[in-house]
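Subject: Structure for your reading

Dear colleague,

Please find below the structure that I am handing over to you. My notes on what was found in it follow.

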Amino acid sequence: MIKKTRLFFFFLLLNSFCFSQNQVLDSLLNLLKQDKLDTNKVIHYNKIAYEYKNIGSFDNTLKYTNLALKLSEDLLYKNKNEQTKKTLLKGKAVSLHTLGALNEIKGNTSQALQYYSECLKLLLSIGNKKSAAYAYNNIALVYYNTGNHPEALKNHLAALKIRETIGDKQGLADTYNNIALVYLNQKNYTEALKNVMLCLKICKEIDYKYGISSSYASIGGIYDAQGNYAEALKNHLISLQIETELNNKYGIARTYNNIGIVYENLQNYEEALKNYIACLKIETEIDDKPGLTATLNNMGSVYTKQKKYAEAEKQLKKAKELAEELGHKEYLKDTYRALTKLDSSKGNFKSAFENHKLYIVFRDSIDNEDTRKKTIQSAMTYDFEKKEAATKAEQEKKDAIAEEEKQKQKLITYAVSLGLVLVAFLALFVYRGFRQKQKANVIITNQKLEVEKQKHLVEEHQKEIIDSITYAKRIQKAILPSNEEIKKYLPNSFVLYKPKDIVAGDFYWMENINEITFIAAADSTGHGVPGAMVSVVCSNALNRAVNEFKMLKTGEILDKTRNLVLETFAKSGEEIKDGMDISLISIDKKARKINWSGANNSLLYISNNELNEVKADKQPIGKTDTPKPFITHEINFNNGDIFYLITDGFADQFGGEKGKKFKTANMKNLFVELQQLELEEQKEKINSAFENWRGDLEQVDDVCIIGIKI
């Protein structure tokens, strides 16, 4: 078994109550002389008590703790400032914690629980979560040391919940280790080892020496309980080395006791006694009554096995007196079990029977079906609350994303509407200017100066038109995904986008839903301002199909997009045949699946150095005489495959020596030639090929090419 001593952690209330180890009592006492009767004095009293506690001077610890407590209560009664009151409440909580720890060392468990509970209540009232977790931990350890395992686990889980919330890694490590000890004493070795390994992992990450030592001690205890004594001894010796380096007397005593238990189980009684005696010496020095009880029990057990009955009886009598003084069920159980074995060995069977009955009473009060059920219930309640909180957080996150997307759609709609109004307004100015120019031409011979004046007026209007179209370009750019967003989900990709005019009918679109990335190259009817207006309608329809109507298959997305585009144009009351051609791909990296659908624009991709083509449906996103559902193509792919989404602008460009079209066949050959290059270099080569082919000729259409390497 593991010796049931408390793992002492003097918790720290924020930075104002921390005290570095390189400062000594003398400097603190000097500071105390300079303090006024205010919050600083409370803080220094508590720090001095902390230093005295570390060196085992408990009388001085009690003296300065009481001074801090009384002063904090007096100042709280007089002071009305909220911030000062909060600081004083922290100081009072520190004092209550220290009183709880001192009473626990002395074996006054009920008094210790009272102080710890008052401390916890104060910390929760001022919202100090980190220190409240320590208070829960202290309460749990008192219950653990008195054998009330369900209450111990309940309070440890309360501490764990807070520490997970605030990201307190050291606190998490301590709690996992303490939970492991509860499970170990219930012989649930699987859960015990699981929790102590979690503790050790965190302790090593943050280089937490005390936690690393405690983890190895707990691992040793688990192996000891399972009969793997070699591994148990190995882990206890690692713990002893660390505790010695830290000069932690509690830890050194605990580890000597644990090593003694292993040697006792190995029937090496001389080594067992040697370690028990070393442990007893330290515990006597620091007046650790719970530790003394456990060690005396262990020594009595060894003396019984050596048939040194007088010495065994002497040690067990002391252990029984201490256990009764402490009211410690676990130690009383161990003492009566040891007395039963002693009486049986001596042939005193009547006394052995009486002691055995008392052993059974205390054993069953600690470890019975009811306490196991309560322990399991506490763990299940914690797991349920944790999962419920995670589910709630995930739903809130989804709701926030949906609301953000809704606001984004509103912004785009408002921006597009404003842009259209501006374009219409400026078109009116153009018409007006044109009419004025006509009138000027009628009388041009007689009014040359008036013509010049009208010329300047037209130039100004043209400038306004260009400025407005340039502004429309900014609006159109708002609907295009940024390069950063594309690289976030498709890091190995490029987009070559070359509008013919300031604004374009071609556009590209992307969305990421449930870890599935959708991206498309689209060609709206026309180019320039009319094409841009159509592209806004089509882009908005794609967004709605995915985000509002939750379409995930590419064919269904195009079907819904067509319906939404037709619905938008139908509102005008006129027969509008505008729409778009599109190449739409969805990439599910997790499922390693690709879907694709196209309206008039096919998909080109290179796999195993060969170019493949998936034909598009011969119908647009728009009005058509015989509309059919768009086909969703499922494509098997290999790592390194490159997919190209294209519009017809490149292939239809006139150029070369004879002024002919570039054609799709030449574009395919170009993709094959460039397949070994990085995608950004491919983009540069494709752009150069286009510009070299065009030469001095005018660009005839918008160009959009998207390359994606899987």
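In this predicted model, Arg-163 sits over the face of Tyr-134, 4.6 Å from the ring centre.

As for the chain overall, the protein has 710 residues, 50% of which count as buried. Its secondary structure comprises 24 helices and twelve strands. Of the contacts with a separation of 6 or more, 65% are between residues 24 or more positions apart. The accessible surface is about 35,800 Å², and carbon and sulfur atoms account for 52% of that surface.

I turn now to the aromatic rings. A pair of them is described by the distance of the centres and the angle of the planes. The model contains eight aromatic pairs. One of them joins Phe-650 and Phe-690 edge-to-face, with 5.2 Å centre to centre and 75 degrees between the planes. Phe-650 belongs to the loop between strands E9 and E10, while Phe-690 belongs to helix H24, so this pair ties together parts that are 40 residues apart in sequence. Both residues, Phe-650 and Phe-690, are buried.

Phe-662 and Trp-693 also form a pair: the ring centres are 5.3 Å apart and the planes are at 90 degrees, so the pair is edge-to-face. Because Phe-662 lies in the loop between strand E11 and helix H23, and Trp-693 in helix H24, parts that are 31 residues apart in sequence are tied together. Phe-662 is buried, at 8% relative accessibility, whereas Trp-693 is partly exposed, at 24%. Ring pairs link these four residues, Phe-650, Phe-662, Phe-690 and Trp-693, into a cluster.

Yours sincerely,
A colleague

Terms used: Residues numbered from 1 in each chain as written. Predicted model: local features only at pLDDT ≥ 70, side-chain atom pairs only at ≥ 80, totals over all residues. Heavy atoms only, no water. Helix = DSSP H or I, 4+ residues; strand = E, 2+ residues; numbered from the N terminus. Buried < 20%, exposed > 50% of the residue type's maximum accessible area, 1.4 Å probe, protein only. Contact = heavy atoms within 4.5 Å. Areas by Shrake-Rupley, 256 points an atom, 1.4 Å probe, with all protein chains shown as cover. Phe/Tyr/Trp six-rings, centres within 6.5 Å; stacked < 30°, edge-to-face > 60°. Lys NZ or Arg CZ within 6 Å of the ring centre and 35° of its normal.
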